[in-house]
Amino acid sequence: MQAILYIAHGSRVKAGVEQARTFLQGVQQAVRVSIQEICFLELATPTIAEGIESCIRKGATTIAVVPILLLAAQHAKQDIPIEIAKAQKQYPYVKFTYGEPLGIHERLIDTLQARIIEKQQPNRNARVLLIGRGSSDPSVKRDLAEIAARLRTKYNYHSVETCFLYGMGPTFEDWLQQAKGEQQQVFIVPYLLFTGILRQSITKQLQGFDSKNIMLCESLGYDDNVKKVLVERIDELLQVKEEGVS
């Protein structure tokens, strides 16, 4: 019997965990699979191992593992596959398939624009700063740069820059130093899914920053576009018939 296991990141902030859970409950309604479980990579429960156990207890013989991650970095490439490999040894009779993160998708570009418009109508010289979580994986920097390029081209921004909260630079702190005295509109959009410590850190760093032209938008978040992209990734994964863990 087919099951889907959704793996959200988890957060020390309770609201972030609840946002993920509520969002995924809505996704479950759009997917026609009888066994669907939600678990968390870290900082919340149930754990991945507990989520897998719950699927199997309900009769699952095939589990499609769906990472609720924006980009493919260590969590997607190492941490989750390690947990799947452990489960495969424990349950050798169960088939596991593994999906892709949300990745680069045109719908997510549109959501970024929606976050900007929610804050204020940009003028023709407006700039955008996308803040990524950060990673030591160079593909994250490359992918966010591609997302920035698509946003700039599609919505005709003067420039769209990227920075990161940790890992490979440039860092948000570096950007803030350079932005002192900024006279143009700058919309800062955290490329994050949920309310959490990282979002709070961005807000704190902007406190007392003397520029009315620099505006912090809401994070990418969980909206209908994110839901549609995730359902698309699930559909792709459920079409996998013969492959094992990818």
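**Figure 1. Aromatic pairs, with Tyr 91 and Tyr 93 in close-up.** In this predicted model, a search of the whole structure finds three aromatic pairs. The pair formed by Tyr 91 and Tyr 93 is edge-to-face, because the ring centres are 6.3 Å apart and the planes stand at 85°, where an angle over 60 degrees is needed for that class. Are the two partners buried or exposed? Tyr 91 has a relative accessibility of 13% and so counts as buried, since the limit for that class is under 20%. Tyr 93, with a relative accessible area of 57%, is exposed.

Figure 2. Strand β5 covers residues 127-132, and six of its six residues are buried. In a regular strand, side chains alternate between the two faces of the sheet. In β5 both of these faces are covered. One side carries Arg 127, Leu 129 and Ile 131, and the other carries Val 128, Leu 130 and Gly 132. Which strands pair with β5? One of them is β6, residues 159-164, which runs parallel to β5 and is joined to it over six bridges. Within this pairing, Ile 131 has Cys 163 of β6 as its bridge partner.

**Figure 3. The largest pocket.** Rolling a probe the size of a water molecule over the atoms shows where empty space is left. The largest pocket holds about 640 Å³ of space. Its lining is made up of 33 residues. Which of them lie nearest the centre of the pocket? They are His 9, His 75, Arg 133, Tyr 166 and Leu 198. Sorted by class, the pocket lining has 19 nonpolar residues, 10 polar ones and four charged ones.

**Figure 4. The largest cavity.** The count of cavities of 30 Å³ or more comes to one. The space in the largest cavity is about 30 Å³. Which residues line the largest cavity? The lining consists of Ala 8, His 9, Gly 10, Ser 11, Gly 16, Val 17, Ala 20, Phe 194 and Tyr 222. Helix α1, residues 14-29, gives the largest share of this lining, namely three residues. By class the cavity lining has five nonpolar and four polar residues, with no charged residue. His 9 belongs to the lining of this cavity and is also among the residues nearest the centre of the largest pocket.

**Figure 5. The loop between β2 and α2.** This loop runs between β2 (35-40) and α2 (48-57) and contains Pro 46. The peptide bond that joins Thr 45 and Pro 46 is cis, with omega at about 0°. Leu 43 lies in this loop as well. What is the phi of Leu 43? Leu 43 has a positive phi of about 70°, although it is not a glycine. With a relative accessible area of 41%, Leu 43 is partly exposed.

Figure 6. Asn 156 is in the loop between α5 and β6. Although it is not a glycine, Asn 156 has a positive phi of about 55°. The relative accessibility of Asn 156 is 64%, so it counts as exposed; the class begins over 50%. Gln 184 is in the loop between α6 (172-178) and β7. Gln 184 has a relative accessible area of 34% and is partly exposed. How far apart in space are Gln 184 and Asn 156? From C-alpha to C-alpha they are 15 Å apart, with 28 residues of separation in sequence.

**Figure 7. Gln 25 in helix α1.** Gln 25 is part of helix α1, the element that gives the largest share of the cavity lining. The relative accessibility of Gln 25 is 38%, so this residue counts as partly exposed. Asp 137 is 112 residues from Gln 25 along the chain, and the C-alpha atoms of the two are separated by 31 Å.

Note on methods:
Residues numbered from 1 in each chain as written. Predicted model: local features only at pLDDT ≥ 70, side-chain atom pairs only at ≥ 80, totals over all residues. Heavy atoms only, no water. 1 Å grid on protein atoms, 1.4 Å probe; cavity = no way out; pocket = protein on both sides within 12 Å on 5 of 7 lines; lining within 4 Å. Points joined across faces, edges and corners; volume = space filled by probe spheres on them. Nonpolar A, V, L, I, M, F, W, Y, C, P; charged D, E, K, R; others polar. Buried < 20%, exposed > 50% of the residue type's maximum accessible area, 1.4 Å probe, protein only. Helix = DSSP H or I, 4+ residues; strand = E, 2+ residues; numbered from the N terminus. Pairing = 2+ DSSP bridges. Phe/Tyr/Trp six-rings, centres within 6.5 Å; stacked < 30°, edge-to-face > 60°.
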